[in-house]
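Subject: Structure handover

Hi,

Here is the structure for you to look at.

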Number of protein chains: 2
Amino acid sequence: MRAAVYHGPGDVRVEEVPDPELEAPTDAIVRITHTAVCGSDLWFYRGESDYPAGGRVGHEPMGVVEAVGDDVTSLEPGDRVLSPFSISCGECEFCRKGLYTSCTADESWGGENTGAQGEKVRAPHADGTLVRVPDRYADDEDVLESLLPLTDVMCTGHHAAVSAGVDAGDTAIVVGDGAVGLCGVLAASRLGAERVVAMGHHEDRLEIAREFGATDVIAARGEDAVEEAIELTDGGANHVLECVGAESSMETAAEVARPGGTVGYVGVPQGVETTGFLDTMFRKNVGLEGGVAPVRKYVDDLMADVLQGTLDPSPVFTKTVDLDGVPDGYAAMDERDAVKVMVKLDD
Amino acid sequence: MRAAVYHGPGDVRVEEVPDPELEAPTDAIVRITHTAVCGSDLWFYRGESDYPAGGRVGHEPMGVVEAVGDDVTSLEPGDRVLSPFSISCGECEFCRKGLYTSCTADESWGGENTGAQGEKVRAPHADGTLVRVPDRYADDEDVLESLLPLTDVMCTGHHAAVSAGVDAGDTAIVVGDGAVGLCGVLAASRLGAERVVAMGHHEDRLEIAREFGATDVIAARGEDAVEEAIELTDGGANHVLECVGAESSMETAAEVARPGGTVGYVGVPQGVETTGFLDTMFRKNVGLEGGVAPVRKYVDDLMADVLQGTLDPSPVFTKTVDLDGVPDGYAAMDERDAVKVMVKLDD
């Protein structure tokens, strides 16, 4: 079969690889129909994080079950499934309490034969990891494209909103206009926030933020942006969604938080080398909640909303490619030509 | 009158200064009977933070009201009072929600005529700032000495425990065996924690931790200490009290937190220059709550416990001096000869 393979910074190729096989009785084999390129894939693509050369890539799989191991009880061949970006056994202490990202099985997509950007993938701990799409929606292309962001960015934006404590009537500020930030706006609106201020640097993305429910957008940078946010909210917001993970965005989030408020952070910290945000938060008793998003915890609720037509994060996909187009997809994300790239394989 | 004045690193002198006077109708003048030297006083004493030469020092006043301004309604001359280390108007948005440390009046002890280490002090916003000791206990020396830590360290330790979410039956780890850490142990025990693990480096202080309710103490350093804490708690605690504010203690707190847990931090960040703690917390979805402690929010509840004899943080005072002994008090704290120094003035 064919799959995307990492060869070095800027070098992802689609090439022939061995078909995956069931290795454990809890495995499933999924034929991929849809997947995506993630902002976090850019770290290795840009050489900002280590990744083994020759390693398979992709962690947002959706497809059709082809085979299941003997111990898999909740899935059958033919089921349409999607998977969170993290693998979870579903049975350990942390899975039971909904913190699937701390699953003691400690497995992840990528590597030898579990990359999602390919024709097929081996899904470990299939019962705990894969989420079945109800049969009546299983072949509805519009629904599937709206569900695909639930594998990562939509649930991650939602985790930011939940971690920041957003509730009906609240004012929230979302820092970042990438796919996660935009989904954070959507999530905050869905949770009933009355005012959602989106902070970013790209007019086209802030336009999507407006579609997703942002009542105000701030395109300024640095201190100007902070001043504008504080003025708009008469002193800062009690709920701030940090959706980038950079040093400057952590500082912005801390600064625009109202004293006693909470920053929900979901952007993996990258290059945060100073702790000014900590001093700012300490002085104001601003809490920092969140972390790597336990997608599996949220996906059922969010799927229900997508299926009933009240939630549609698919506008974050501003470019679609086929499997051979995966390298172009990486390049488009790297050059910020695309917010997020969908990969559609022949069904 | 006489008061402690800062002249430079290592140089605090008790000298003649002008008597304080009422300056605003909301002021009170308090004759100090008891006060203390704080771990945070050591920052300027050690030259680690700026402080104006010639500035008055001390922020933990207890004494007797001598005079009140025309607008002060809750206090009369003769009342025994104590004050949180922060000044609060009692009326702004943040005071109303209990976040007294974010009071919009933005005033603090210290400086021209409001230092607590002296014979008298001018108390701004007296109604909002000062806490009256009920008359029947107002001259009970044992009670007063037990109440004195409520001006700062006891309420700060309590803030760590509350911020970390400690509740009945919980397991808590307290990082730090200074006065705040010891009070954190006491607070966690008071809140019903079933297991309280105290981490520190001084056997004599850990002995006080045991008196205060620690069920386990860890005197090891670095990775050994972390391993011991994780082993003792079978994978880390859901509630961690960070009571130091140093880079190493932030890292320790993050490492000994159980995935999904919360670190309550109350040690003012000092020299935290790397963000390893952030990566650790992010990966495990460990929240960071707390900040500068809103003492005024907690002091009534804790005072009630002291007055009924169920709470006594006074063992943190391992040395007592008179006003002339204040410089010795600083030196003793600086050399770690004393956990915390009480200053008793002639009544």
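Predicted model: local features only at pLDDT ≥ 70, side-chain atom pairs only at ≥ 80, totals over all residues.

Residues are numbered from 1 along each chain as its sequence is written, chains are lettered from A and ligands numbered from 1 in the order written, and side-chain values use heavy atoms, without hydrogens and water.

**Chain A**

Chain A has 12 helices and 15 strands. These are DSSP runs, numbered from the N terminus: helices are H or I with at least four residues, strands are E with at least two. The C-alpha trace spans about 60 × 35 × 35 Å along its principal axes. Of the 347 residues in chain A, 60% are buried (under 20% relative accessible area; exposed is over 50%, partly exposed in between; 1.4 Å probe, protein chains only). Take the contacts in chain A with a separation of 6 or more: 70% of them join residues 24 or more positions apart. Contact means heavy atoms within 4.5 Å.

**A:Thr101**

A:Thr101 sits in the loop between α2 (93-96) and β6 (120-123) of chain A. Buried or exposed? A:Thr101 is buried, because its relative accessible area is 19%. Leaving out residues up to four places away in sequence, A:Thr101 touches A:Ser86, A:Val292, A:Ala293, A:Pro294 and B:Asn285.

**Helix pairs in chain B**

Helix α5 (residues 153-163) packs against helix α11 (residues 295-307) in chain B at about 100°, with the axes 9 Å apart. Axes are lines fitted to C-alpha atoms, for helices over the stretch in contact; angles run from 0 to 180 degrees between N-to-C directions. So α5(B) and α11(B) are roughly perpendicular (65 to 115 degrees; under 35 is roughly parallel, over 145 roughly antiparallel, the rest oblique). From α5(B), the contact uses B:Met154, B:Cys155, B:His158, B:His159 and B:Val162. From α11(B) come B:Val295, B:Tyr298, B:Val299 and B:Leu302. The contact residues are 7 nonpolar, 2 polar and no charged (Ala, Val, Leu, Ile, Met, Phe, Trp, Tyr, Cys and Pro are nonpolar; Asp, Glu, Lys and Arg charged; the others, Gly among them, polar).

Helices α8 (residues 222-232) and α9 (residues 247-256) of chain B cross at roughly 30°, and their axes come within 9 Å. That makes α8(B) roughly parallel to α9(B). B:Glu223, B:Val226, B:Ala229 and B:Ile230 in α8(B) meet B:Thr252, B:Glu255 and B:Val256 in α9(B). Those contact residues divide into 4 nonpolar, 1 polar and 2 charged.

Best wishes
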